[in-house]
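Subject: Structure for you to look at

Hello,

Here is the structure I said I would pass on. Please open it beside this email and follow along.

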Amino acid sequence: MIWDARSFYKQLFVLVGPIALQNLISAAVNSADVLMLNYVGQTALAAVSLAGQVSFVLMLFYVGLSSGLVMLTAQYWGKHDTFSIETLAGIALKFSGAVGIVFCAASFFCPSALMRIFTNEPRLIEAGAQYLRIVSISFLFMSVSQVFEAVFKSIEHVRTVTAITFVTLSLNIVLNAVFIFGLCGAPKLGIIGVAIATSVSRTVEIIICLIVSFFIPEVKLRPGILFRRNPLLFRDFVHYSFPAMGNEVVWGAAFSMYSAILGRLGEDIVAANSIVAVVRELASVLCFGMAYGGAILLGKEMGGSDLEKAKADASRLWKATVAAGLLATFIIISLRPVVLTMVQLTPGATMLLSSMLIISAINIFGASINTAFICGLFRSGGDSRFGLIMDTVAMWGVSIPLGLIAAFVLKVSPLWVYLILSLDEFEKIPVVVIHYLRGTWIRNITRDFKQ
């Protein structure tokens, strides 16, 4: 058993290390954006934060589709069925492309209408609309790159994905600096410069993904996979991916609703929340990396019909992820004094930020527990419906109604509203643990096909 544990943790960290690094790079880019926009002005910072909610919701569609894809492809990887992996990738590309077209069109033709969902302040609407119209083209490119990267991860090429992320997001940081500050003879473009940098970096990302796909021998991601037909795999993809996508969208839409509620409580709380989001993302890369990396490892074991080993490793995974969550809590509390000295916000926004960082530090511990179970353990066995139900009830049934009542009926302070909206993770924990103990989520969901 000791040797099994050592073997599991070794394999886990081979996967988790690159995934956590990829998340860290992404968080670093967001941090750089916030720091640079901080020098442009608080209005620019708040506008991009709110406009970014559109990209955030879109990414949740992609993450949900990718999660459903990984559920299946990781298990088929465990039984060495690469033909089914390619077929599933083609199915996923059709769905992600459709989503990308819708978001691209809405952001290009109706950016002001989208911004009014999150704020009623004219300055923020105007600035955010400029950002959305330019960044809309990147939404199409992401529809392809996110599917390719999900397949790369599921067949344990996580280092490849990390390298792609490092190159493209490093380019994003450099271009942000060039266009925000007018370096190398470029004009100072502010928010518009951030949008241009994002679109260029996403263009480079899809080009690299297409090139890399020709050098990975295990699977052949060629245009022909779009035309393969397999009714059983199509049905399985819809059955497992749609609840996962629904879960991510319900969760993300709720977070966007949180932002919409806070966005009507003043610019100070919006600006403070944008800083908190970046700090939280930086601190949580390890625990979320463990959950998603563990899902690939457990899925591979279940696909290979080694269910007892998967059960033992699942116990190890959630314990390790909870430990990472405690570390994230410690990191946020430790970074709090540093963050407060670095930002240039109004005195009111700075006071809010100080308390919000403590609330977020506590919330992230609960999030690490739920992510380990819902996105790691349960999804590895194809159980994506449970998370959808939990987030719908906890966030839309409890937290959002309470937040709306607190903000617009009782009219309590913005900080109390933020605290109420942050309780959703702890509402879910008891039910999540009970579901884990039942063990019904441990399943082999692959099919046997004659090639």
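Below are the notes on what was found in it, starting with the whole chain and ending with single residues.

This is a predicted model, in which local features need pLDDT of at least 70 and side-chain atom pairs count only at pLDDT 80 or more, while totals for chains, interfaces and linings use all residues. Residues are numbered from 1 along each chain as its sequence is written, and side-chain values use heavy atoms, with hydrogens and water left out.

The whole chain

The protein chain has 15 helices and zero strands. Both are DSSP runs numbered from the N terminus: helices are H or I with at least four residues, strands are E with at least two. The radius of gyration, taken over C-alpha atoms, is 21 Å, close to the 22 Å from the globule rule for 451 residues, so the chain is as compact as a globular protein of that length. That rule is 2.2 Å times the number of residues to the power 0.38. Along its principal axes, the C-alpha trace spans about 65 × 45 × 35 Å.

Of the 451 residues, 57% count as buried (under 20% relative accessible area, with exposed over 50% and partly exposed in between, using a 1.4 Å probe and protein chains only). Among contacts (heavy atoms within 4.5 Å) with a separation of 6 or more, 85% are between residues 24 or more positions apart.

Helices

Two packed helices are described by the angle between their axes and the distance between the axes. Axes are lines fitted to C-alpha atoms, for helices over the stretch in contact, and angles run from 0 to 180 degrees between N-to-C directions.

Helix α8 (residues 231–263) packs against helix α12 (residues 347–380) at about 175 degrees, with the axes 13 Å apart. The two are therefore roughly antiparallel (over 145 degrees; under 35 is roughly parallel, 65 to 115 roughly perpendicular and the rest oblique). Ala244, Asn247 and Glu248 of α8 meet Ile374, Cys375 and Arg379 of α12. These residues divide into three nonpolar, one polar and two charged. Nonpolar covers Ala, Val, Leu, Ile, Met, Phe, Trp, Tyr, Cys and Pro; charged covers Asp, Glu, Lys and Arg; the others, Gly among them, are polar.

Helix α5 (residues 122–154) and α6 cross at roughly 145 degrees, and their axes come within 7 Å. Glu149, Phe152 and Lys153 of α5 make this contact with Val158, Val161 and Ile164 of α6.

Helix α10 (residues 285–303) has 19 residues, which at 1.5 Å a residue should span 27 Å; the end C-alpha atoms are 27 Å apart, in agreement. The expected span is 1.5 Å times one less than the number of residues. Of the 19 residues in α10, 16 are buried.

Single residues

Where does Gly190 sit? Gly190 is in the loop between α6 (158–181) and α7 (191–213). Gly190 is buried, at 15% relative accessible area. Leaving aside neighbours within four places in sequence, Gly190 contacts Phe179 and Ile180.

Thr198 lies in helix α7 and is buried, at 14%. Not counting residues up to four places away in sequence, Thr198 touches Tyr131, Val135, Ser138 and Asn172.

Glu86, in helix α3 (residues 82–109), counts as buried at 7% relative accessibility. The C-alpha atoms of Glu86 and Ile225 are separated by 6.4 Å, although the residues are 139 apart along the chain.

Regards
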